[in-house]
Amino acid sequence: MITPYDYPDADRLLSSAEQVVPAIAGLIERADDVPVIYVNDNFGSWTSNRDSIYQQAVDGKAPHLVEPLRPADETMFVVKARHSIFFQTPLEYLLGSLEVTRLVMTGQVTEQCVLYSALDAHIRHHEVVIPQDAVACIHPHLAEAALEMMELNMGAQVCRAEDVQLRTS
């Protein structure tokens, strides 16, 4: 979600992103003692980090979508280069060290990064929760199919953000 929205299909994504930002911000706010981990694209810059990615995004086309999701200084931040949050990132190690087995996944793009990341989480035996009003899409019909696939094929819990239980114990 921390993006300058300056790539192909970004204009198609903007209206969906505008709808999901409040739900994502609400989940982050509710996550008092639950680890929050941002996994964000590096946009091809191998010298990027949380601050440079945020600055590039807030200087971009839609700062009003980026500012409400600014990661706090103590928030964990993992940089990725491809669609899946697990592909060649330290996320799997980080989740293991935190003893996290249940992932509430938000962000964009439902029919791409969210879908591929949910599959990778599933094959790593994580419980996956997808708040459907906290994931943005480019193609609504593909997003609906992706959500159905995650629910049926991966056993993901697809629900509304307000119904997400952040603690299961």
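A residue is called buried when its relative accessible area is under 20%, exposed when it is over 50%, and partly exposed in between (1.4 Å probe, protein chains only). The structure is a predicted model, in which local features need pLDDT of at least 70 and side-chain atom pairs count only at pLDDT 80 or more, while totals for chains, interfaces and linings use all residues. Residues are numbered from 1 along each chain as its sequence is written, and side-chain values use heavy atoms, with hydrogens and water left out.

**View 1. The salt bridge between Arg-102 and Glu-127.** A salt bridge is a side-chain nitrogen of Lys or Arg within 4 Å of a carboxyl oxygen of Asp or Glu. Here the N to O distance is 3.3 Å. Because Arg-102 belongs to strand β3 (residues 102-104) and Glu-127 to strand β5, the pair ties together parts that are 25 residues apart in sequence. Strands (E, at least two residues) and helices (H or I, at least four) are DSSP runs, numbered from the N terminus. Arg-102 counts as buried, at 17% relative accessibility, whereas Glu-127, at 41%, is partly exposed.

**View 2. The salt bridge between Asp-11 and Lys-61.** The closest N and O atoms of this pair are 2.8 Å apart. Asp-11 lies in helix α1 and Lys-61 in the loop between α2 and α3, 50 residues apart. With 53% relative accessibility, Asp-11 is exposed; Lys-61, with 48%, is partly exposed.

**View 3. The largest nonpolar core.** A nonpolar core is a set of buried Ala, Val, Leu, Ile, Met, Phe, Trp, Tyr and Cys residues joined through side-chain atoms within 4.5 Å. Of the 33 residues in this core, Met-1, Ile-2, Tyr-5, Leu-65 and Leu-69 touch the most other members. Helix α1 (10-30) provides the largest share, nine residues. Beyond its neighbours within four places in sequence, Tyr-5 is in contact (heavy atoms within 4.5 Å) with residues including Leu-13, Lys-61 and Leu-65.

View 4. Ala-143, Ala-146, Leu-147, Met-150 and Met-154 are the buried residues of α6. Seen down the helix axis, these residues fall within an arc of 100°, so they line one face of α6; the arc is that of the directions from the helix axis to the C-beta atoms. The buried residues of α6 pack against α5 (110-123), β5 (127-131), β6 (135-136) and β7 (157-159). The face turned away from the buried side carries the exposed residues His-141, Glu-144, Leu-152 and Asn-153.
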